[in-house]
Amino acid sequence: HLDVLGRHDEAKKYLDLLPGRETEASMWTDVARWRNAVWRRDFTAARGFAAQMPERDGSRKAFVAVTEALIDPAAWPQAEAAIGEHESTLGARSVWLRLYEPKPNAADILATFEPGDQQPGGSLIWAPGYAAVRRDPAFRDFLRRMKFIGFWNVNGWPPQCKPDGNGARCD
């Protein structure tokens, strides 16, 4: 939650404690630590976390490739190919690694959140690093389909969004 709020240095302190508290290694710990390192622009740490990912479903290759593309944008074609391989192994239409692409396809990314992974109160999609997706017109449609607008009209609006007619304008 601290990362989602943009408090990355503070989040790092807690994320660094996780491996010592786990009874067995968790990929999600490595993912959370990788994401935190990327948001802090600590690509040395991000490379290390990517290298720890399991290879069974193409995760490692995809995380390593995305890390390299964030360092050198000329490497995005290789990263997109690695993400595609990872998606085909998972049978998924899009994985959230696509949020890091220079021009993310918001409609495809948001489709992965529709089965109920998000809540109006906040989660990963609300993180500062994903503002480009929230600014996309597909996000306004997503908010309507997921009934966030009605929820916010009753319960209050998140700081990233403002009412805009029958919809919302989000940063």
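**Close-up 1. The packing of helix 9 against helix 10.** In this predicted model, helix 9 (137–145) and helix 10 (148–155) pack at an angle of about 70°, and their axes are 5 Å apart. Axes here are lines fitted to C-alpha atoms, for helices over the stretch in contact, and angles run from 0 to 180 degrees between N-to-C directions; the helices are DSSP runs (H or I, at least four residues) numbered from the N terminus. Helix 9 and helix 10 are therefore roughly perpendicular to each other, a term for angles of 65 to 115 degrees, whereas under 35 counts as roughly parallel, over 145 as roughly antiparallel and the rest as oblique. Phe142, Leu143 and Arg144 in helix 9 are in contact with Phe148, Ile149 and Trp152 in helix 10, where contact means heavy atoms within 4.5 Å. Sorted by class, this contact has five nonpolar, no polar and one charged residues; Ala, Val, Leu, Ile, Met, Phe, Trp, Tyr, Cys and Pro count as nonpolar, Asp, Glu, Lys and Arg as charged, and the others, Gly among them, as polar.

Close-up 2. Lys147 lies in the loop between helix 9 and helix 10, and its phi is positive, about 65°, although Lys147 is not a glycine. With a relative accessibility of 62%, Lys147 counts as exposed (buried means under 20% relative accessible area, exposed over 50%, and partly exposed in between, with a 1.4 Å probe and protein chains only). Arg41, which is found in the loop between helix 3 and helix 4, is not a glycine either and has a positive phi of about 65°. Arg41 also counts as exposed, at 59% relative accessibility.

**Close-up 3. The packing of helix 4 against helix 5.** Helix 4 (43–52) and helix 5 (residues 59–71) pack at an angle of about 165°, with 8 Å between their axes. That angle makes helix 4 roughly antiparallel to helix 5. Among the residues that meet here are Phe43, Ala46 and Arg47 in helix 4 and Phe63, Val64 and Ile71 in helix 5. The contact as a whole has eight nonpolar, one polar and three charged residues.

**Close-up 4. The packing of helix 1 against helix 3.** Helix 1 (residues 8–15) and helix 3 (residues 27–39) pack at about 155°, with their axes 10 Å apart. Helix 1 is, at that angle, roughly antiparallel to helix 3. On the helix 1 side, His8, Ala11, Lys12 and Leu15 meet Ala32, Arg33, Asn36 and Trp39 of helix 3. These contact residues divide into four nonpolar, two polar and two charged.

**Close-up 5. The disulfide of Cys161 and Cys170.** The structure holds one disulfide, which is a pair of cysteine sulfur atoms within 2.5 Å. The disulfide is formed by Cys161 and Cys170, whose sulfur atoms are 2.1 Å apart. The link between Cys161 and Cys170 is right-handed, with 110° about the S-S bond, and both cysteines are buried.

**Notes to all views.** Residues are numbered from 1 along each chain as its sequence is written, and side-chain values use heavy atoms, leaving out hydrogens and water. In this predicted model, local features need pLDDT of at least 70 and side-chain atom pairs count only at pLDDT 80 or more, while totals for chains, interfaces and linings use all residues.

Definitions and conventions
Helix = DSSP H or I, 4+ residues; strand = E, 2+ residues; numbered from the N terminus.
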